[in-house]
Amino acid sequence: MSKGGGLKGSPLMTRRSVMGGMTAGALAPAVLRAAKSDNAAHVAVIGAGVFGAWTAEHLRRAGHRVTLVDMAGPANSRASSGGESRMTRGAYGRDNIYTRMAFDSLKEWKALSATSGLPIFIPHGVLFFFQTEEAYLSDSITAHRALGLPTELLSGAEMSRRFPMIDFTGIHAGLFEPGFGALMARRAVQTLVQRFVAAGGQYRQELTEVDQQSGPLKSVRFSSGSTLDADAFVFALGPWLPKFFPDVLGHRIFATRQEIFYFAAPEGDRRFLPEAMPGWADFNACDMYYGFPDLEARGVKFAHDQHGVAVDPDTQSREATRAALDEVIAFRDRRFPLLKGARLTGAEVCQYENSSNGDFLIDRHPAMHNVVLVGGGSGHGFKHGPEVGRLAAELISGGGAQSEPRFTLDTKAQTQSREVH
Ligand SMILES: Cc1cc2nc3c(=O)[nH]c(=O)nc-3n(C[C@H](O)[C@H](O)[C@H](O)COP(=O)(O)OP(=O)(O)OC[C@H]3O[C@@H](n4cnc5c(N)ncnc54)[C@H](O)[C@@H]3O)c2cc1C
């Protein structure tokens, strides 16, 4: 396989035979039978983004010998898990499976944050606001009530009073989640990997390649010349998954360009600090803009959640474009008029790794049954890292059932039609 590219060697399996060989994860036996800690299986996890790092950690906790590998470092700047901050929230409309996962994951994030020097979780609250009585709003409230979350339903007037840094003109209602907030993305994953290593896990920085497409995978090859044998393998390669497994995922994971901008708040103005300002999203009939307060003096963050153009994570330019900046500034000036003329303090260019509808992928490879594929975070995966890792680890060593049908390979269509927001 070439750098970041697909499987090497003769195409032993045609696309049709690979897809035809798929089994529903729910019916497949465990990749490994539960291993005892004195006789632990060796599992290699390739990709140390948020999904791979949490999968490795859960496998380690289950008593396995685990080697985590990344070609460029945990949450590196080209990975989808790189960059400064990610939002964690429980608002998911009718997709309350993600409300539950965000809620369960938050406990792990808080525990990790409590052990790290600088914070990983910043609980500034999250405010979603809506122009109309969207079903997303009422469905979210129902899900939050069921979980006992202290979510508040706010009127436009109440929001204007509490959050004077935002102009709520035309806004009907808001959903404020006081218990959620920001995750410091790169710091979170790097801290997790440090803890994993301190607790006995192995981490290696290697570009990984595989030479086969079917049968049990015995080993992976590193571009440095060595190989790594393992009993089972997890590939959590984010936007590189479709390049690495072109037959299986080439048309099922779609990498899109995303640009993020930071602006300086007016000097001396405390209204943009996390003590005063929440993370927010202007739902805007699913054409969402979102952002964060000025976290750790980086600047006030803005982004458009719309999928950008299709990109290759190896080759896409990491320079922000004038068009994306102008679009964000136009939104900013309308909703955050106090920031009119604010100076740009930074930009990040990243990519979403979308599944067809936004549901995650946690399933075994259809032709290599000791290989599990994890990905499809689709612009909302970070917050769920702990739960995704737990489910992936269970698929490897637990009872063998993929407990969530929405995360199987079979459900991943070949055309994009985003449903999860
Ligand atoms: C701009 C942006 C904003 C987002 N906002 C949010 C948000 O607010 N809230 C939220 O919950 N989620 C958000 N997300 C989504 C979330 O960040 C992603 O879903 C998640 O980080 C995906 O993680 P991953 O581990 O699947 O992939 P990645 O982080 O991309 O990890 C894959 C890793 O695999 C490694 N790799 C690839 N190929 C090889 C190889 N051949 N050998 C070895 N290593 C290899 C890469 O170096 C990389 O580190 C956002 C994403 C982006 C891009």
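The mean pLDDT of the chain is 91, and 90% of the residues reach at least 70. Where pLDDT is low, the predicted coordinates should not be read in detail.

With that in mind, turn to the overall layout. The chain is divided into domain 1 (15–79 + 186–251 + 357–411) and domain 2 (123–182 + 254–353). Their centres, taken over C-alpha atoms, are 31 Å apart. Domain 1 puts 10 residues into the contact and domain 2 puts in 6 residues. On the domain 1 side, the touching residues divide into 3 nonpolar, 6 polar and 1 charged.

Next, look inside. The largest nonpolar core holds 120 residues, and Val234 and Ile396 have the most contacts within it. Helix H3 (residues 96–115) supplies the largest share of this core, 7 residues. The core lies between domain 1 and domain 2, because both of them give residues to it. To see how Val234 is surrounded, leave aside residues up to four places away in sequence: its partners then include Val43, Val45, Ile46, Val372, Val374 and Ile396, and Gly52 and Thr55 are also among them.

Now for the ligand. Of the 38 residues around it, Gly49, Ser81, Gly238, Gly377 and Gly381 come nearest. Elements giving two or more residues to this shell are helix H2 (50–61) and the strands S2 (65–70), S3 (85–88), S14 (254–263) and S18 (344–354). Domain 1 and domain 2 each contribute at least three residues to the shell. Its make-up by class is 19 nonpolar, 16 polar and 3 charged residues.

Finally, two backbone details deserve a look. Most residues other than glycine have a negative phi. Cys286, although not a glycine, has a positive phi of about 75 degrees. Cys286 sits in the loop between strand S15 (279–282) and strand S16 (289–292), and it counts as partly exposed because it has 13 C-beta neighbours inside 10 Å. Ala297 is another non-glycine residue with a positive phi, here about 65 degrees. Ala297 belongs to the loop between S16 and strand S17 (300–304); with 9 C-beta neighbours inside 10 Å, Ala297 counts as exposed.

Notes: Residues are numbered from 1 along each chain as its sequence is written. This is a predicted model: local features need pLDDT of at least 70, side-chain atom pairs count only at pLDDT 80 or more; totals for chains, interfaces and linings use all residues. A residue is near a molecule or strand if its C-beta atom, placed from the backbone, lies within 6 Å of it. Helices (H or I, at least four residues) and strands (E, at least two) are DSSP runs, numbered from the N terminus. Ala, Val, Leu, Ile, Met, Phe, Trp, Tyr, Cys and Pro count as nonpolar, Asp, Glu, Lys and Arg as charged, and the others, Gly among them, as polar. Domain bounds come from an automatic or database domain assignment. pLDDT is the predictor's confidence in each residue, from 0 to 100. A nonpolar core is a set of buried Ala, Val, Leu, Ile, Met, Phe, Trp, Tyr and Cys residues joined through C-beta atoms within 7 Å. A residue is buried if 20 or more other C-beta atoms lie within 10 Å of its own, exposed if 12 or fewer, and partly exposed in between; C-beta atoms are placed from the backbone. Two residues are in contact if their C-beta atoms, placed from the backbone, lie within 7 Å.
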